[in-house]
Amino acid sequence: MARFTLPRDLYHGKGALEELKNIKGKKAIVVVGGGSMKRFGFLDRVEACLKEAGMEVKLFEGVEPDPSVDTVMKGAEIMREFEPDWIVAIGGGSPIDAAKAMWAFYEYPETSFEDLCIPFNFPTLRTKARFCAIPSTSGTATEVTAFSVITDYKKGIKYPLADFNITPDIAIVDPDLAETMPQKLTAHTGMDAMTHAVEAYVSTLHCDYTDPLALHAIKMIHNDLIDSFNGDKEARARMHNAQCLAGMAFSNALLGIVHSMAHKTGAAYSGGHIVHGCANAMYLPKVIKFNSKAPEAAKRYAEIARFIGLQGGDENELVDALITEIRYMNKKLDIPTCIKEYEGGIIDEAEFNEKLVSVAELAVGDACTGSNPRPITPAEMEKLLTCCYYDKEVDF
């Protein structure tokens, strides 16, 4: 038996934000990030809509990119003091992910972070509050997923939290918010969405319910991401829908080792963080090549290639065509080919190699590895990460 879970209600299209006026409740806490939602007036609109619905509103501002365990605990403490019956998270993946984790600690103060790191081990939520997610970026799709990624900065590790309990009750997918994304963020979040859809399609847990969502999302992203990056507002609106469809697919089919590697390399190095979507974009071509040694994975990658109109005489040629196409998209989106080139070389080569064994072990143990279509050992992960650092050919 399998399970397929989505938010109870999803409001989409321009003006969907106004649906907040119809939410029933007494108190709402709004969780938001660094300031763009305030600068562009969306935070004021959210607050006004909730007040029009008759709610007392409290703001929790300043959730950082790659939200920390400390931020989660601070937010949960404020929630326990305020006692909201709605948690409304607005912004990119970071404030929404943080708010999901805050939700658990608000309702269950005695829960430990280590408990939540065990996949599908959350306590039963909605004993105190329900959850509404409003994305401003077109990539993470956390507004429709059972996932949250929280960083332990003391350990230098990103932890993917997974449980159907944290799938939001309401998702509001309003393209007005996505129009404010800067170009670089558009590229990184867009390729994050592409990775979600591709990994969901080849996942060992894919099914008849997730396959059409993943394929259609891949086609939309392939058609619209570069135009969205170059400022086409209609393409930007379609990308906001595409990333949400990709999220519906991967939340139920799960992911693979592209995400395992991105999680474990993202905060591992002293030179700086590797932005999650950019990491996915760099690693995806290498992982496709690695996974394609598994016959079922090769078959499904070839199906993706055919679906987006690529040419090839057999499965191997179609897989290579897909890899070439993703590398082409990365080039058009100003995404580097490898870790060594990332942000002008901020990830030191010696440090990368020094930490390679431990990062590889952590990546193999990541929650996303279990649904990857080809098993991987720590030694193979070391080789794969090395290929991703130097842009070497994957031949194993």
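## Helix 3 and helix 4

Helix 3 (residues 69-82) packs against helix 4 (residues 93-107) at an angle of about 55°, and their axes are 8 Å apart. Axes here are lines fitted to C-alpha atoms, for helices over the stretch in contact, and angles run from 0 to 180 degrees between N-to-C directions. Helices (H or I, at least four residues) and strands (E, at least two) are DSSP runs, numbered from the N terminus. The model is a predicted one, in which local features need pLDDT of at least 70 and side-chain atom pairs count only at pLDDT 80 or more, while totals for chains, interfaces and linings use all residues. Residues are numbered from 1 along each chain as its sequence is written, and side-chain values use heavy atoms, with hydrogens and water left out.

Helix 3 and helix 4 are therefore oblique to each other; angles under 35 degrees count as roughly parallel, over 145 as roughly antiparallel, 65 to 115 as roughly perpendicular and the rest as oblique. Their crossing is right-handed, a term used if the near helix is turned clockwise from the far one by less than a right angle, with left-handed used if anticlockwise. On the side of helix 3, Thr 71, Val 72, Met 73, Gly 75, Ala 76, Met 79 and Arg 80 meet Ala 98, Ala 101, Met 102, Trp 103, Phe 105 and Tyr 106 of helix 4, where contact means heavy atoms within 4.5 Å. By class, the contact of helix 3 with helix 4 comprises ten nonpolar, two polar and one charged residue. Ala, Val, Leu, Ile, Met, Phe, Trp, Tyr, Cys and Pro count as nonpolar, Asp, Glu, Lys and Arg as charged, and the others, Gly among them, as polar.

## Helix 10 and helix 15

The axes of helix 10 and helix 15 (residues 356-364) come within 8 Å and cross at roughly 135°. Helix 10 and helix 15 are therefore oblique to each other, and helix 10 passes helix 15 in a right-handed crossing. Ser 260, Met 261, Lys 264 and Thr 265 of helix 10 make the contact with Val 359, Leu 362 and Ala 363 of helix 15. The residues of this contact divide into four nonpolar, two polar and one charged.

## Helix 11 and helix 16

Helix 11 (residues 276-291) and helix 16 (residues 378-390) cross at roughly 140°, with axes that come within 9 Å. Helix 11 and helix 16 are therefore oblique to each other, and their crossing is right-handed. From helix 11, Tyr 283, Lys 286, Val 287 and Phe 290 meet Glu 380, Leu 384, Cys 387 and Cys 388 in helix 16. The contact of helix 11 with helix 16 has six nonpolar, no polar and two charged residues.

## Cysteines

The structure holds zero disulfides, a disulfide being a pair of cysteine sulfur atoms within 2.5 Å. Cys 338 is in no disulfide, and the nearest cysteine sulfur, that of Cys 388, is 9.0 Å away. The sulfur of Cys 388 is itself 6.9 Å from the closest cysteine sulfur, in Cys 387, too far for a bond.

Cys 338 is buried, with a relative accessible area of 3%, and Cys 388 is buried at 1%. Buried means under 20% relative accessible area, exposed over 50%, and partly exposed in between (1.4 Å probe, protein chains only).

## Two buried residues

Lys 158 is placed in strand 7 (residues 157-162) and is buried, with a relative accessible area of 2%. Leaving aside neighbours within four places in sequence, Lys 158 is in contact with residues including Asp 66, Thr 151, His 263, Lys 264 and His 276. Lys 158 and Leu 362 are 204 residues apart along the chain, and their C-alpha atoms are separated by 10 Å.

Ala 193 lies in helix 7 (residues 183-202) and counts as buried, at 0% relative accessibility. Not counting residues up to four places away in sequence, Ala 193 touches Ser 138, Gly 139, Ile 221, Gln 243 and Ala 246.

## Positive phi values

Leu 254 has a phi near 70°, a positive value in a residue other than glycine. Leu 254 is found in the loop between helix 9 (233-253) and helix 10 (257-266), and is buried, with a relative accessible area of 16%.

Asp 391, in the segment after helix 16, has a phi near 60°, a positive value in a residue other than glycine. At 25% relative accessibility, Asp 391 counts as partly exposed.
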